[in-house]
Amino acid sequence: RGKLRNRKLRHKHAQIHQGKSREFPLVICFRIRLTLVGRGVRGQNMTNNPKMIVIHHTASDRDTTTALAVNNYHRDKDWDVGPGVARAPISSLGWHGQYHYFIEASGRLVQYAQESELRWHAGPDVNTRSIAICLAGWFDDGHDDMPTAAQVVTLKRLIQDIQRRYRFTKEQIHGHREFMQKTCPGNHISLEWLRSLAVEGG
């Protein structure tokens, strides 16, 4: 029985090497899993080395958009970053939202991911070196005017906290539109206004 089993194993391995079997040796499967866990779509590095802050808006109604709704939208979206359907990576905190922080109209702050984790929010070159903050709202003409007072308080505190920890200057605060052909975080929100929330003298 032992000799028969060995012959079957040799036959299976021969099929694998000849491309006749769809099974993979355990070692190969293990290596593939390590690659997928450690890297993103098409080999994208999934770590983040923050050098700036990037501000976004949701381009949806300010007062009704929630962190959970945006998370679920990002979870179900096809991100079109490679062959087949590309789903957003889940963070170590359990969220699919592709920002590090989300601020609802009430001023409630939700952290989607650790700052050391890459999020898909402003293009490959920016994603690996930025902290993404998103405001619920659509701050373009015909929609919301500006963030709520509560949002502004939370945003200011968060920006200044990040600044102090990373020693960022106000010049390291940016809007999404600086990197992509978008109005985000909205035409009503100027870069000067965003940087006015920074630590004085920072």
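Buried residues make up 41% of the 202 residues in this protein, which is shown here as a predicted model. The protein has six helices and five strands, and from the N terminus on these elements follow the order α-α-β-α-β-β-α-β-α-β-α. The pLDDT averages 82 over the protein, with 76% of the residues scoring at least 70, whereas over residues 2–44 the pLDDT is below 50.

**Overall picture and confidence**

- The accessible surface of the protein comes to about 12,000 Å², and 52% of that surface belongs to carbon and sulfur atoms.
- Among contacts between residues at least 6 apart in sequence, 67% join residues that are at least 24 apart.
- The stretch of residues 2–44, where the pLDDT is below 50, has 23 contacts in the model beyond near neighbours in sequence.

- Five strands form an open sheet in the order 3-2-4-1-5, and their pairing is mixed; the edge strands, each pairing on one side only, are strand 3 (109–111) and strand 5 (173–175).
- From one strand to the next, the twist of this sheet averages 25°.
- Strands of a sheet pair through backbone hydrogen bonds, either parallel or antiparallel.
- The antiparallel sense is found between strand 2 and strand 3, which pair over three bridges, and here Y101 stands opposite Q111 of strand 3.
- Strand 1 and strand 4 pair in the parallel sense over five bridges, with I133 in strand 4 as the bridge partner of I55.
- Strand 2 and strand 4 also run parallel and are joined by three bridges, and in this pairing F102 stands opposite C134 of strand 4.

**Nonpolar cores**

- In soluble globular proteins, nonpolar side chains tend to be buried together.
- The largest nonpolar core has 18 residues, of which I53, I55, I133, L155, I159 and I162 touch the most other members.
- Two or more residues of this core come from each of strand 1 (53–57), strand 2 (101–103), strand 4 (131–135) and helix 5 (149–166), and helix 5 gives the largest share, four residues.
- Residues up to four places away in sequence aside, L155 touches I55, I103, I133, L135, W193, L194 and L197.
- Another core, of nine residues, lies apart from the largest one and includes Y99, F102, A132 and C134.

**A buried histidine in a loop**

- H100 has its place in the loop between helix 3 (67–76) and strand 2, and its relative accessibility is 0%, so H100 counts as buried.
- Leaving aside neighbours within four places in sequence, the contacts of H100 include N48, V110, Q111, Y112, E117, R119, S130, I131 and A132.
- H100 and R119 are 19 residues apart along the chain, and their C-alpha atoms are separated by 7.1 Å.

**Backbone features in the loops**

- Most residues other than glycine have a negative phi, and most peptide bonds are trans.
- The peptide bond from C184 to P185 is cis, with omega near 10°, and P185 is found in the loop between strand 5 and helix 6 (191–195).
- A59, although not a glycine, has a positive phi of about 55°; this residue is in the loop between strand 1 and helix 3, and at 34% relative accessibility A59 counts as partly exposed.
- R167 is a residue other than glycine with a positive phi, near 60°; R167 lies in the loop between helix 5 and strand 5, and at 76% relative accessibility R167 counts as exposed.

Methods:
Residues are numbered from 1 along each chain as its sequence is written. This is a predicted model: local features need pLDDT of at least 70, side-chain atom pairs count only at pLDDT 80 or more; totals for chains, interfaces and linings use all residues. Side-chain values use heavy atoms; hydrogens and water are left out. A nonpolar core is a set of buried Ala, Val, Leu, Ile, Met, Phe, Trp, Tyr and Cys residues joined through side-chain atoms within 4.5 Å. Buried means under 20% relative accessible area, exposed over 50%, partly exposed in between (1.4 Å probe, protein chains only). Contact means heavy atoms within 4.5 Å. Accessible areas come from the Shrake-Rupley method with a 1.4 Å probe; for residues, only the protein chains shown count as cover. Two strands pair if DSSP finds at least two bridges between them. Axes are lines fitted to C-alpha atoms, for helices over the stretch in contact, and angles run from 0 to 180 degrees between N-to-C directions. pLDDT is the predictor's confidence in each residue, from 0 to 100.
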